[in-house]
Amino acid sequence: MSSDSWLSKIRSPQDLKGLKIETLEALATEMRQVIAETCSRNGGHFAPSLGVVELTIALHCVYNTPEDRIVWDVGHQCYPHKLLTGRAEQFRTLRLLDGIKGFPRRDESPYDAFGVGHASTAISAALGMALARDRQKKNNQVIAVCGDGAMTGGLCYEALNNLGYLKPDMLVILNDNKMSISPNIGAMSKYLRHLLTLDVYNKSKETAEDMIKRVHSLGKRVVDFSQRLEQSVKSLLLTEGETLFEKMGIRYLGPVNGHDLRDLIYTLTQVRDLKGPILLHVKTTKGKGYPYSESDPEHWHSGASFEVKTGKKIAKPPVYSPGLPVPTEESMAGDPTLVLKPVPSGPPPTYTEVFSKALVELADKDKRIVSITAGMSIGTGLEHFAQQYPERFYDVGIAEAHAVCCAAGMAAEGMRPVVAIYSSFLQRGFDNVLHDVALQKLPVTFALDRAGLVGDDGPTHHGIFDLAYLRMIPDMVVMAPRDENQLCRMMATAATYEDGPISYRYPRGRALGIALDETAEPITIGTAEVLREPEEGARRVALLSIGTMASTAMTVAELLQERGIGTAVIDMRFVKPLDRMALSHAVKNYELLVTLEENCIAGGFGSAVNEALGEIAFPRVALTLGIPDRWIEQGPVPELMRRCELDPESIVEKVYTALKNMEVCCAR
Ligand SMILES: Cc1ncc(C[n+]2csc(CCOP(=O)(O)OP(=O)(O)O)c2C)c(N)n1
């Protein structure tokens, strides 16, 4: 950012006030350049942010932030907002470790009125703010900016229902770019298209402006009259139409061109003084101003680094594998329990790709299998299934609770639904997993992508709670594969399991790159696998791992072995039901049990192991290692793992200290 740029002069939104439209337009161009340059290095939510540059400028020009509250939905479109609110200098650290966050955060800036990362919360949160304002007799404005994709989420309707009834002064801006991540679908999306074609607001505005111009041309004598007419025509054009929103008690205005600064500023200035709840329909283009993202907003919704000039993606190192070595013949040598397979050449597939392909293969064999996504067909890899079996694929919109409940209905009628959802987004559907699926023992499969730490998207997106929130539910089977071959086997297990709900979780990023079995054999429910076992007499530590922590456990075992500490690795595979035989073997043969999980310690896999030890009143607890009880920020996964003390070296130190403590205790 050069010192003579417009952006460098904007220290706060106050500096925008009174700037000419031409200057604001130049500023918009600069902001797009900065966003493109930053995202090209750091990755990020590129297209959503490019689409709201003018809208953000207009909002900060017209409203008095931070006293007036702007509440962003999802928050992935907040980059222009961050640039205008005193963070332009630090913006180059966007999404980096300890850098500017990729989402609004109350602890980052007073301009970030409400923290977010999950969709469809803005109207509800803004309504809460408006009600609090009224109770405290304050007079600031509250504005929710919500995408048309987010409008597929049920929480929006709960909030609109309440808004139209309570009628506080509040503005909802519907940022309609016709896109969720993929093209938006659903009945509401169709209705919004219909409203765009009606375009009542602009048609009446043109007529009104025409009338005003004609009266003005009559000369000075009628100036008073013309001013009065102008006022009444303006208020008239702002009340036109009879939309669904109006029937709910919310005034509907629009559509407004979201890239026309003059029009936006004019409209927002009018709207600012109106009373009651208002929904302003703003039409924007996702990815606006960068040819590649404008023509393909779906693939530019978010992503890794790219070259600005060509739009070519630049390969980043795999996000996963925090010091986790890919098992090779050499590293596994001497391990009799692992079946070695040739490692295929080329970069390993992502876990999502493995899931995507294997699910289609399972669906080929079982016609009852249907798949469901909540607005994430590409992210979850289900687009492959959708192409193969369009009539068996359902994208329900950003509506996780509905996805789960709808799956329960399908399962009740004999289908075998596979609900593919990111771990952090299934948090939305918790009661539906519990009440609609598990309580009725319905055979729904939950495929949880992005489990564990996800890196740059930070705490809203880390999938570190699922093992805890799923394992507490009776009748739920909870699995986690250590590699892609185990993932396929767990998928086969789920496909043959008829007794109730079953889940498997896998991380973001590349798998280990091992060969897959020709036929994925189901695993007997509740059985662990011993990956490494020292000779009798040399057994001191048993590492009980779940999921991809098995690789770390193997490294830790080698490091401990180097210090002369005989260490076993048992991949438990099931958090629920736990393999009690494997546990009892570990208890009988080892001095110290250590659990390893990329999930919160509170209530997670280690807790399950300790509960099981408690059931038999075993006088020792397992050393429980996992994600500590605090929020984990954005950053490269290996560094985050290190900060969570889940890297091999930290684990070795903890094991070593635990053994020393035990020696001291025994000596007493
Ligand atoms: C609860 C939840 N489910 C899924 C997502 C993933 N997601 C992020 S943005 C997005 C689409 C949002 O579309 P829209 O609200 O129209 O905003 P746009 O990206 O078009 O600006 C989705 C599905 C999420 N953030 N939260």
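Predicted model: local features only at pLDDT ≥ 70, side-chain atom pairs only at ≥ 80, totals over all residues.
**Ligand site**

The ligand is surrounded by 22 residues, and the closest are His76, Gly149, Ala150, Lys286 and Glu400. Sorted by class, this shell holds 9 nonpolar, 9 polar and 4 charged residues. Domain 1 (6–197 + 248–295) and domain 3 (333–505) each supply at least three residues to the shell.

| Residue | Protein atom | Distance to an oxygen atom of the ligand |
|---|---|---|
| Histidine 76 | polar side-chain atom | 2.7 Å |
| Aspartate 148 | polar side-chain atom | 3.3 Å |
| Methionine 179 | backbone N or O atom | 2.9 Å |

On its own, the ligand has 580 Å² of accessible area, of which the protein covers 98%.

**Aromatic pairs**

The whole structure contains 16 aromatic pairs. One of them is formed by tyrosine 290 and phenylalanine 306: the ring centres are 6.0 Å apart and the planes meet at 50°, so the pair is classed as tilted. Tyrosine 290 belongs to the loop between β5 (277–283) and α13 (291–295), whereas phenylalanine 306 belongs to the loop between α13 and α14 (329–332); the pair therefore ties together parts that are 16 residues apart in sequence. Both partners are enclosed according to their accessibility. Tyrosine 290 has a relative accessible area of 8% and is buried, and phenylalanine 306, at 3% relative accessibility, is likewise counted as buried.

A second pair consists of phenylalanine 465 and tryptophan 631. Here the ring centres are 6.1 Å apart and the planes stand at 65°, so the arrangement is edge-to-face. This pair links distant parts of the chain, 166 residues apart: phenylalanine 465 sits in the loop between β9 (445–449) and α20 (466–471), and tryptophan 631 in the loop between β17 (623–627) and α25 (637–643). Phenylalanine 465 is partly exposed because its relative accessibility is 24%, which lies between the limits of 20% and 50%. Tryptophan 631 is exposed because its value of 63% is over 50%.

Tyr290 and Phe306 also belong to one aromatic cluster, together with Phe46, Tyr292 and Trp300.

**Buried residues and their contacts**

Aspartate 176 is located in strand β3 (residues 170–176). With 1% relative accessibility, aspartate 176 counts as buried. Its side chain makes a polar contact of 2.6 Å with the side chain of arginine 193.

Serine 424 lies in helix α18 (residues 423–426). Its relative accessible area is 1%, and serine 424 is accordingly buried. The C-alpha atom of serine 424 is separated by 6.3 Å from that of histidine 462, although these two residues are 38 residues apart along the chain.

**An enclosed helix**

Helix α4 (residues 53–62) has 10 of its 10 residues buried, so the helix is largely enclosed by the rest of the structure. The buried residues of α4 include the charged-side-chain residue Glu54 and also Val53, Leu55, Thr56, Ile57, Ala58, Leu59, His60, Cys61 and Val62.

Notes. Residues numbered from 1 in each chain as written. Heavy atoms only, no water. Near = heavy atom within 4 Å. Polar contact = N/O pair within 3.5 Å; in protein donor to acceptor, adjacent residues only side chain to side chain. Areas by Shrake-Rupley, 256 points an atom, 1.4 Å probe, with all protein chains shown as cover. Domains from an automatic or database assignment. Phe/Tyr/Trp six-rings, centres within 6.5 Å; stacked < 30°, edge-to-face > 60°. Helix = DSSP H or I, 4+ residues; strand = E, 2+ residues; numbered from the N terminus. Buried < 20%, exposed > 50% of the residue type's maximum accessible area, 1.4 Å probe, protein only.
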